[in-house]
Amino acid sequence: MADQKVESKIQIRQAKKEDMSAVAEMIQELADFEKMPTGPKMSVKDLEHDGFVRDPPAFHCKIAVDDSIVGTNPVVGYALYFPTYSTWEGRSMMLEDLYVRTNQRSKGIGKKLFKSVAKEAKKTGCSRLDFHVLEWNPARSFYENEGAVNMTKSEQWCYYRLTGDALQKYMSVDD
């Protein structure tokens, strides 16, 4: 019963520009949890610009707000996502991050955020919702319980990234 009472105070809503300071804090908390504390390079101003000034926005964000928190920041979680496209299935969505503050976990907040993004994907005509989870992250079982398929296991897809110098060298490449 206590969990239901706590959950009823949690509201999931679309983030606003003024929420980006709290989101930036949680991005750093997530990076610390993922053992990559120097990973985040985005400032609050970058997030505000890319999500709320750019047209179209580079990302969308939902936040979890605990209305019972008084005197401190009531934002207790976030989910950052953006549209993508599949040449096989059409419109799709990428969930970049889903994070709930450590002291707010095991209250159903992550599930509410995940469901909210999945509903958004369905509502906007997406055929799938893609995301990555570190192999050692215990949240993997949560996603699998929600019906997510580990593509590395099922189809042997490998996730690659081109950054830094490797990407920069293409800036000077002539066709």
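Which strands does helix α4 lie across, and at about what angle does it run to β4? Let's start there. Helix α4, residues 109-123, lies across β1, β2, β3, β4 and β5, and it runs at about 165° to β4. Helices here are DSSP runs of H or I with at least four residues, strands are E runs of at least two, and both are numbered from the N terminus. Axes are lines fitted to C-alpha atoms, for helices over the stretch in contact, with angles from 0 to 180 degrees between N-to-C directions. Contact means heavy atoms within 4.5 Å.

Quick housekeeping. This is a predicted model, so local features need pLDDT of at least 70 and side-chain atom pairs count only at pLDDT 80 or more, while totals for chains, interfaces and linings use all residues. Residues are numbered from 1 along each chain as its sequence is written, and side-chain values use heavy atoms, with hydrogens and water left out.

Okay, the sheet. Five strands make an open sheet in the order β1-β2-β3-β4-β5, with mixed pairing. The edges are β1 (10-14) and β5 (129-131), each of which pairs on one side only. On average, neighbouring strands in this sheet are turned by 25° against each other, ignoring direction. For pairing, the rule is that DSSP finds at least two bridges between the strands.

Helix α2, residues 20-33, also sits on strands: it lies across β2, β3 (75-86) and β4 (90-100), at about 85° to β3.

Now zoom in on β2, residues 60-66. With β1 it pairs in the antiparallel sense over five bridges. If you want to click on some of those, Q11 has V65 as its bridge partner in β2, and I10 has D66. On to β3: β2 and β3 are antiparallel too, over six bridges, and C61 stands opposite L80 in β3. How many of the seven residues of β2 are buried? Six of them, so β2 is largely enclosed by the rest of the structure. Buried means under 20% relative accessible area, exposed means over 50%, and partly exposed is in between, using a 1.4 Å probe and protein chains only.

Since C61 came up, let's do cysteines. C61 is buried, at 2% relative accessibility, whereas C158 is exposed, at 52%. A disulfide here is a pair of cysteine sulfur atoms within 2.5 Å. That rule gives a count of zero disulfides. For C61, the nearest cysteine sulfur belongs to C126 and is 17 Å away, and C61 is in no disulfide.

Next, salt bridges. The cut-off is a side-chain nitrogen of Lys or Arg within 4 Å of a carboxyl oxygen of Asp or Glu. Searching the whole structure gives nine of them. One of them joins the side chains of R101 and E25, at 3.3 Å from N to O. This pair links distant parts of the chain: R101 is in the loop between β4 and α4, E25 is in helix α2, and they are 76 residues apart. Is R101 buried or exposed? R101 counts as buried, at 13% relative accessibility, while E25 is partly exposed at 40%.

Then there's R128, which has a salt bridge to E89, with the closest N and O atoms 3.7 Å apart. R128 lies in the loop between α4 and β5 and E89 in the loop between β3 and β4, so the pair ties together parts that are 39 residues apart in sequence. R128 is partly exposed at 31%, and E89 is partly exposed at 44%. R128 also forms a salt bridge with D130, where the closest N and O atoms are 3.0 Å apart. D130 is partly exposed as well, at 26%. Elsewhere, salt bridges that share partners join E25, E29 and R101 into one network.

Last stop: Q104, in the loop between β4 and α4. Q104 is buried, with a relative accessible area of 8%. Its side chain makes a polar contact with the side chain of K107, at 3.3 Å. By polar contact I mean a pair of N or O atoms within 3.5 Å; within protein, one must be able to donate a hydrogen and the other to accept it, and residues adjacent in sequence count only if both atoms are side-chain atoms. Leaving out residues up to four places away in sequence, Q104 touches D66, I69, V76 and I109.
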